[in-house]
Amino acid sequence: MSLKSRLAEDRVLVAPGVYDALTASIATDAGFEALYLSGAAIAYTRLGRPDIGLVSMSEVAETVTLVRDRVATPLVVDADNGYGNALNVERTVRLFERAGASAIQLEDQSYPKRCGHLQDKTLIGQAEMVGKIRAALDARVSAETLIVARTDAVAVEGFERAIERAQAYAEAGADVLFVEAPRSANQLAAVTKALGTQRPLVANMVEGGDTPLASAADLGAVGFRLVIFPGGIVRALARTAQAYYGSLAKAGTNAPFSDRMFDFGELNALIGTPETLARGRAYEGSAQ
């Protein structure tokens, strides 16, 4: 089922954050129907830096390609602000769509951009963002490739202006709307009341962020169609890595940590090493 068809159903869809082919394959094996390729998670893991616009278009495109080579799961790709103006957006959409994105998310931040739950963000004008959305729609090859329009206006211009911007982005043709960082349960409910009949809506759950945490079921009940957990995997792995390296530095061996690790064989089973080697052997006697 395509992501477009799935979002048309009247039930919530959970998309966990991934940042590479390994996390994408593990999330797919867990049974998720869609994945969210997080720009923040790529910055955290590939650069070891904060999500402040340091990741380039080509780095994200390469990641999309590697993830798509590993899994067929529908993939929502965080394209930041399109990496420039409307012409940059055109190129971004063409490149990401060819790489395998099922949906491409664009935001209305200007430079320097920031994670949606950091402070001191700045925005481009509404009209400029409308132009970027139109450029994205013109650039895509397939109508099955969705354009997600995100506004960060809650933190900059206030909640009412965020709703106004989202409505304008819907009128421009965006397939999915994303009002970033509502500050309360009341604001979450107000987003769905104002916009829920227009387009599928995204809710973003960030541990320690501006939006109160809620379950996907509860968010679906108030009208959100897509719930993303973009950076949760990195926060979980970073905590585990810190504990692992601390243990190794102290003990000089992995023995104290072994019950929290896969062993060599278990990891190879997880990533499909036996099946891959068997597939290779099947070709060895095929030459005539």
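Tutor: A crossing of two helices is left-handed if the near helix is turned anticlockwise from the far one by less than a right angle, and right-handed if clockwise. This is a predicted model, in which local features need pLDDT of at least 70, side-chain atom pairs count only at pLDDT 80 or more, and totals for chains, interfaces and linings use all residues. Residues are numbered from 1 along each chain as its sequence is written, and side-chain values use heavy atoms, with hydrogens and water left out.

Student: Why is the crossing of α6 and α7 called right-handed?

Tutor: The crossing of α6 past α7 is right-handed, because the term applies when the near helix is turned clockwise from the far one by less than a right angle. The axes of α6 (residues 126–139) and α7 (residues 159–171) cross at roughly 35° and come within 10 Å. Axes are lines fitted to C-alpha atoms, for helices over the stretch in contact, and angles run from 0 to 180 degrees between N-to-C directions.

Student: What makes the contact between α6 and α7?

Tutor: Q126, M129, V130 and I133 of α6 meet R161, E164, R165, A168 and Y169 of α7; contact means heavy atoms within 4.5 Å.

Student: How do you know that β5 and β6 pair?

Tutor: Two strands pair if DSSP finds at least two bridges between them. Four bridges join β5 (residues 146–151) to β6 (residues 176–179), so the pair meets the definition. Strands here are DSSP runs (E, at least two residues), and helices are runs of H or I (at least four), numbered from the N terminus.
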